[in-house]
Each structure stands twice: as structure tokens, then as C-alpha cells.
Amino acid sequence: MSLEHLVPALQLSIGPVIVISGVGLVMLSMTNRFARVIDRSRELAELLRNDATCETHHVQKQLEILIRRARLLRRAIEFASASLLLAASLVISLFLVVLLALEASLWISTLFILCMLCLIISLAYFIADVNISLSALSIETGINR
């Protein structure tokens with residue numbers, strides 16, 4: 001394998017590496033939101049168990065919303081993780097194609113399309129979580145958006 005053949009593979013792999021970096025940052029935001037949802041759920045569950053004067057119906061309503069948000073965020077994180085795995089597989093595949101002089105354009109295209117589909121689905125779940133959190137905020141404050 002000469003350097004002339006390796007350089008194009010490196011150039012091709014820059015795109016998926018940038019995707020890995022970008023999705024990693026989005027995933028950091030998702031996991032932070034997920035942690036906040038879990039922490040808030042634990043606080044409300046503790047309040048429900050220990051405070052006899054709390055508004056049970058109100059707290060249970062908040063917990064239902066938080067559970068819904070946690071499920072959405074979990075799905076968003078799962079699809080973002082799948083996107084990352086597919087992007088990493090794409091980088092490896094690009095190098096193997098060059099190293100072994102294979103014709104694998106269909107394989108490479110399929111990996112890229114699946115990577116982007118997982119990212120789109122992940123972002124759709126993330127947007128749904130943001131919308132639910134805004135709806136929950138308007139219910140909490142009594143102010144319609």
C-alpha cells in the first residue's frame with residue numbers, strides 16, 4: 001500500500017469523522033437533559049413518598065411528563081449512538097476498501113444513509129422532548145405559549 005492510495009482514504013474519512021464529532025456534541029446535550037429529567041423525577045418521587053402535604057395529583061402529573069420525556073430522550077440517545085457506530089464503521093470500511101482494493105460503493109453508501117437516517121430519527125425524538133418540556137412548562141406556569 002503506497003501513500004498515494006492511503007491519502008484519498010484519509011480524505012474520504014474526514015466527513016464521517018466530522019459527523020462523529022457533531023453527533024457526539026448533540027449526544028452530550030441529550031445526556032445532560034436526560035440526567036436532569038432523572039434527577040427531577042427522583043426529587044418528585046421523594047416528595048411524593050415523604051411529604052403528606054404535597055399536591056399528589058400535581059406531582060403525579062409532573063412525573064408522567066418526566067417519564068414521557070425520559071423515554072423520548074432514551075430513544076434519541078439510542079439512535080444517536082447507532083449513528084455514531086455507523087459513522088465509525090464507515091471510516092473503518094473506507095480504509096478496508098482502499099487497503100484491500102475492494103469495490104464496495106453500495107456498502108459504503110448504505111452505511112452512510114443508515115448513519116444519516118439514525119441521526120434524523122434521533123433529532124426528531126430530541127425535538128419532541130423539547131416540545132414536551134415547553135408544554136410542561138406552560139402547564140406548570142399557567143401561561144400558554
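Start with helices α1 and α2: α1 passes α2 in a left-handed crossing. A crossing is left-handed if the near helix is turned anticlockwise from the far one by less than a right angle, and right-handed if clockwise. This is a predicted model: local features need pLDDT of at least 70, side-chain atom pairs count only at pLDDT 80 or more, and totals for chains, interfaces and linings use all residues. Residues are numbered from 1 along each chain as its sequence is written, and side-chain values use heavy atoms, with hydrogens and water left out.

**Stop 1: α1 against α2**

Select residues 3-50 for α1 and 56-100 for α2. Helices (H or I, at least four residues) and strands (E, at least two) are DSSP runs, numbered from the N terminus. The two axes come within 8 Å and cross at roughly 165 degrees. That makes α1 roughly antiparallel to α2. Colour the contact by class: 33 residues are nonpolar, 10 polar and 4 charged. Here Ala, Val, Leu, Ile, Met, Phe, Trp, Tyr, Cys and Pro count as nonpolar, Asp, Glu, Lys and Arg as charged, and the others, Gly among them, as polar.

Axes are lines fitted to C-alpha atoms, for helices over the stretch in contact, and angles run from 0 to 180 degrees between N-to-C directions. Angles under 35 degrees count as roughly parallel, over 145 as roughly antiparallel, 65 to 115 as roughly perpendicular and the rest as oblique.

**Stop 2: along α1**

Stay on α1. Its 48 residues reach 68 Å from first C-alpha to last, close to the 70 Å expected at 1.5 Å a residue. The expected span is 1.5 Å times one less than the number of residues.

Now zoom in on I14. There α1 bends by about 30 degrees, and the proline P16 follows within four residues. The bend is the angle between axes fitted to the seven residues ending at a residue and the seven starting there.

Next, show the buried residues of α1: A9, S13, P16, V19, V23, M27, M30, V37, S41 and L44. Buried means under 20% relative accessible area, exposed over 50%, and partly exposed in between (1.4 Å probe, protein chains only).

**Stop 3**

Move to α2. Its 45 residues should span 66 Å at 1.5 Å a residue, and its end C-alpha atoms are 65 Å apart, which agrees.

Select A101, in the loop between α2 and α3. A101 is not a glycine, yet it has a positive phi of about 55 degrees. At 68% relative accessibility, A101 counts as exposed.

**Stop 4: α3 and its neighbours**

Show α2 with α3. They pack at an angle of about 160 degrees, with their axes 8 Å apart. They are therefore roughly antiparallel to each other. Their crossing is left-handed. The residues of this contact divide into 27 nonpolar, 7 polar and 5 charged.

Pick S109 in α3. S109 is partly exposed, with a relative accessible area of 38%. L90 is 19 residues away along the chain, and the two C-alpha atoms are separated by 9.1 Å.

α1 and α3 pack at about 30 degrees, with axes 12 Å apart. These two are therefore roughly parallel. α1 passes α3 in a left-handed crossing.

**Last stop: I143**

Go to I143, in the segment after α3 (105-141). Is I143 buried or exposed? It is exposed, with a relative accessible area of 57%. Draw a line from I143 to M27: they are 116 residues apart in sequence and 30 Å apart in space, C-alpha to C-alpha.
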